Amino acid sequence: MSGDSSTLSWKVVATCGQSESSDTSQTTVAGDGGPTKIIKVCFTSNSANLGKNFKLVRCHEGMTNIISAVLSSGCVGPNIQHSLCYGLLLKHLKSAEVHWLHPNLTVSELQLRYEQQHLEAEWRYDLRIRYIPADFIEKFKEDRTTLLYFYQQVRSDYMQHCASKVSDGMALQLGCLEIRRFYKDMNPNGLEKKSNYELLEYSCLKEEECVVKFFTTLADCYDYIQESFTCQLVQGWSLAVDLVVGPEGIRQRNSLLGSMKNPFHRDFYMETKRVLPGTKKGSPTALTTHSNHTQLLVVVTLNIHTVLNSW
């Protein structure tokens, strides 16, 4: 997951009509019909105001309303067509703890399930693209804001989690693509002088072509469209597997039966029947689901949060 451990550097975007705010990520106020929260949603801007920004959102309903408020404000960018691809990630700044917030999660459930576990100032809400279409490059070409937002997200994740592990050749290719994209208005001759690089064939690419080439190149060494969760598959027997969530749905991956690049997969029917929490703290949680529309399976995880994050 991307992002640093400090919220002090996050600034309000001018187009949001906000002013500088404090470091707290949320505030609870009284409201009719239940608690109302003012939540600071952090995001990456695609405008000339590069870097980390946030918008304050008043919320008394579900997480979907928070996302809609941020996207409709224009802070992220104009003419967003794939708003359902966005999600909210709740991140604890002093640990590796992260939680995807279900779109139907209410403010009361948010407080009860997550926020009581740590101090308010230790939480951060990140707007991220999570629900990725199988042909996302073609679909996002119709939605430039979402395409560039996803690019910034993937680039940030790559720099944080993968950049130190790739080959020099791969790092050079990706770096050249980012230079060309960043200096998109500079002609090839000027760009070559600016960078002191022989920029191969990338010097003539346009911004969106650089973005697409970055995605396709990075896919050879970094899986940025799927999430995996370690669990056990139970069906009269028990098998340790990874539950993989991606554009193709929910799938089983067993690396023992195939290479990590081409692992064994089994498709799941994406309907959760029920969640059975453990009887005591730290005990396993069972998630029952259907495979191929007919077969009942039980997926066992170490805690309830792994199950909720996989939805």
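This is a predicted model: local features need pLDDT of at least 70, side-chain atom pairs count only at pLDDT 80 or more; totals for chains, interfaces and linings use all residues.
Good morning, colleagues. I begin with the protein as a whole. The chain has 311 residues, and 43% of them count as buried. Its secondary structure consists of 8 helices and 14 strands. If we take contacts between residues at least 6 apart in sequence, 54% of them join residues at least 24 apart. The accessible surface is about 16300 Å², and carbon and sulfur atoms account for 53% of that area.

I turn now to the charged side chains. How many salt bridges does the model contain? The count is 12. One of them joins Glu227 and Arg130, whose closest N and O atoms are 2.7 Å apart. This pair links distant parts of the chain: Glu227 belongs to strand E8, residues 227-234, while Arg130 sits in the loop between strand E7 (123-129) and helix H3 (136-140), and 97 residues separate the two. Are these two partners buried or exposed? Glu227 has a relative accessible area of 17% and is buried because the limit for that class is under 20%. Arg130, at 9%, is buried as well.

A further salt bridge is formed by the side chains of Arg144 and Glu207, with an N to O distance of 2.4 Å. Here, too, distant parts of the chain are linked: Arg144 is in helix H4, residues 144-161, and Glu207 is in helix H7, residues 207-218, which places the pair 63 residues apart. The two partners fall into separate accessibility classes. Arg144, at 40% relative accessibility, is partly exposed, whereas Glu207, at 11%, is buried.

Glu207 also forms a salt bridge with Arg181, and in this case the closest N and O atoms are 3.4 Å apart. Through shared partners, salt bridges join Arg144, Arg155, Glu178, Arg181, Glu207 and Glu208 into one network.

The largest nonpolar core holds 49 residues, and the members that touch the most others are Leu101, Leu110, Leu127, Phe150 and Phe215. Helix H4 gives the most to this core, namely 7 residues.

Apart from neighbours within four places in sequence, Leu110 is in contact with Lys37, Ile39, Met63, Leu90, Leu101, Leu105, Glu115 and Tyr125. There is also a second, separate core of 6 residues, among them Phe229, Leu243, Val245 and Ile250.

Finally, I come to helix H1, which spans residues 63-72. Which residues of H1 are buried? They include Met63, Ile66, Ile67, Val70 and Leu71. These five positions cover an arc of only 125° around the axis, and therefore they lie on the same side of H1. After H1 comes Gly74, which has a positive phi, near 85°.

To close, I would return to Glu207, which forms a salt bridge with Arg144 and another with Arg181. Thank you for your attention.

Notes
Residues are numbered from 1 along each chain as its sequence is written. Side-chain values use heavy atoms; hydrogens and water are left out. Buried means under 20% relative accessible area, exposed over 50%, partly exposed in between (1.4 Å probe, protein chains only). Helices (H or I, at least four residues) and strands (E, at least two) are DSSP runs, numbered from the N terminus. The arc is that of the directions from the helix axis to the C-beta atoms. Contact means heavy atoms within 4.5 Å. Accessible areas come from the Shrake-Rupley method with a 1.4 Å probe; for residues, only the protein chains shown count as cover. A salt bridge is a side-chain nitrogen of Lys or Arg within 4 Å of a carboxyl oxygen of Asp or Glu. A nonpolar core is a set of buried Ala, Val, Leu, Ile, Met, Phe, Trp, Tyr and Cys residues joined through side-chain atoms within 4.5 Å.
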